[in-house]
Amino acid sequence: MQFPTPYEGELLYSVISRYHIRSGNISWLHTLEDLFGKRTTNATALLPSNIHAIVERLPKNSTLNEKLLIENHTMYNFYTAFLQKKQVLEIYQSILSEDGKTIYMRAGIMSSAITQNKYFHYCSKCLQESGEMYWDRLQQLPGKLICLKHGIWLEASSVPLIQQDKCSYVLPNRDNCNLDLVRSVGESLKEEYFQLLDQVQVLLNTPSSRQYSYSEWTSFYRQKLIENGYANRNGRVNQIKLNEDFFHYYSKEFLLNLGIDTTYWLRVITQKHRKSFHPYYHILFLNFLGLTVNDLFIDSQIEGDSSAQTTFSCSSKICEAVKEENTFGNMSNKKAKNDPEKIEKLKQKRQIWLQIQKQHPKIYKTELRKAQPSIYAYLYRYDRNWLNENSPKCTKRKVVNNRVDWQKRDREVLAKVMKATHELLDRQEDLRRITIKSLGDETGELALLDKQLNKLPETKAYIDKVKESVDRFRKRRVEHVIERMRGEEEQIKEWKVLREAGISSKYHDEFRIFIHMYINSFNEI
């Protein structure tokens, strides 16, 4: 058979789609027989199985092999980068074999809070520029993302990632992709995406040289937290400071776009590791600590011994060698490195970055980044080593005990809590008891109310006044049902009120009396 040559970054799913068109097969069952030797293989986009069968049927002079197809044309490198060695080997064998039922479970995709998109995503400009349309694997990452090349929003096609017809493979075309839809992205948000996607691209293009155990991940992050001032010498983490700085470093919009709507994972990833984490969590945390994914694997590449104890550091000579070799950071285009215009532009960006530091000597890298997002984004992408060496260091940050104006915070939180209380009391459905947790959920300030309420005296006094006991909440539910019945001019029956209010049978006698008293109170008016 004449199997198409895959494009750079093209999913194997897409290559198979192109083979089907070129083969002239009318039925997908014939194509599956050609490629897999059977008709029962499912069309899986991200981590397919039975790749060994495809390679067996390729011409003898083909340059394609199992390793190349798995590492260059599936999401294998991304989803296995931070897993343990046993998990990685099991996933690799499953991808080769006929049985791929456990691949997604072993890769942690099924159990992750970050859910996969329902449809294939695409960049309008990428498809317009390609001679033959195909699905790019980088664009199939979970979440609402942008194109790394063009810096515009990716769009959702009408092609499901999981086909109803499990045997068919669908290519992008003008019917399932709107190529006229081009939406721009704000510079600050774009910079956050570039920082993430650059690292994902490294993972996709460079298989991990070794996998770390849970204990090694624990040791690595503990050491980096100590170095950055977020943990003491014993490894005890200042979670409040870490949370504040992390969620100041990344915008809420960016994290929500990735499907990250909770802070719980940040606490867990800094504790003793007992499970694997989604690659997004690792990349975001590494970038926050001033590291890249390359920093994780430099030792094993140098030593060449996977059994050696990892120190997670490199000698000064090696680091200097890396700096000398990569003057332009991540600029991979060799012609660009020798382009006078590019070099001059780089010099100008460097000068601006240094100048704004002179103008604002007391602010840190995060604030500088937000002040000049386009300058930072350019240097981050093309001159990252220089940027890291010529930016304020996190380790120089001094802890200021009174950095929070608690009186101001108290007034701000009180306003939120009062509003949330009125909204909870005004609800007509899904009634919730007024508690610290429910008020924290409504205001988005649960961690603050749970841990720092004593520092918010006005808020605390208000909550103490409005919070409900279990018995008071039962009565409010009963009152709510009765008021609804009155409004709808429905006959008020005890049994129906008790049932709709969800009152347990052991409280029925008590609440029959309460119902009579409540009804009598408005009959007397």
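Reader: What should I know before I start?

Author: This is a predicted model, where local features need pLDDT of at least 70, side-chain atom pairs count only at pLDDT 80 or more, and totals for chains, interfaces and linings use all residues. Residues are numbered from 1 along each chain as its sequence is written, and side-chain values use heavy atoms, with hydrogens and water left out.

Reader: How are two packed helices described?

Author: By the angle between their axes and the distance between the axes. Here, helix α4 (residues 66-73) and helix α6 (residues 85-96) have axes that come within 11 Å and cross at roughly 110 degrees. That makes α4 roughly perpendicular to α6 (65 to 115 degrees counts as such). Helices are DSSP runs of H or I with at least four residues, numbered from the N terminus; axes are lines fitted to C-alpha atoms over the stretch in contact, and angles run from 0 to 180 degrees between N-to-C directions.

Reader: Which residues make the contact of α4 with α6?

Author: Contact means heavy atoms within 4.5 Å. Glu66, Lys67 and Ile70 of α4 touch Tyr92, Ile95 and Leu96 of α6. By class, that contact has four nonpolar, no polar and two charged residues (Ala, Val, Leu, Ile, Met, Phe, Trp, Tyr, Cys and Pro count as nonpolar, Asp, Glu, Lys and Arg as charged, and the others, Gly among them, as polar).

Reader: At what angle do α11 and α14 pack?

Author: Helix α11 (residues 239-249) packs against helix α14 (residues 279-288) at about 100 degrees, with axes 11 Å apart. So α11 and α14 are roughly perpendicular to each other. Leu242, Asp245, Phe246 and Tyr249 in α11 meet Leu284, Phe285, Asn287 and Phe288 in α14.

Key. Helix = DSSP H or I, 4+ residues; strand = E, 2+ residues; numbered from the N terminus. Parallel < 35°, antiparallel > 145°, perpendicular 65-115°, else oblique.
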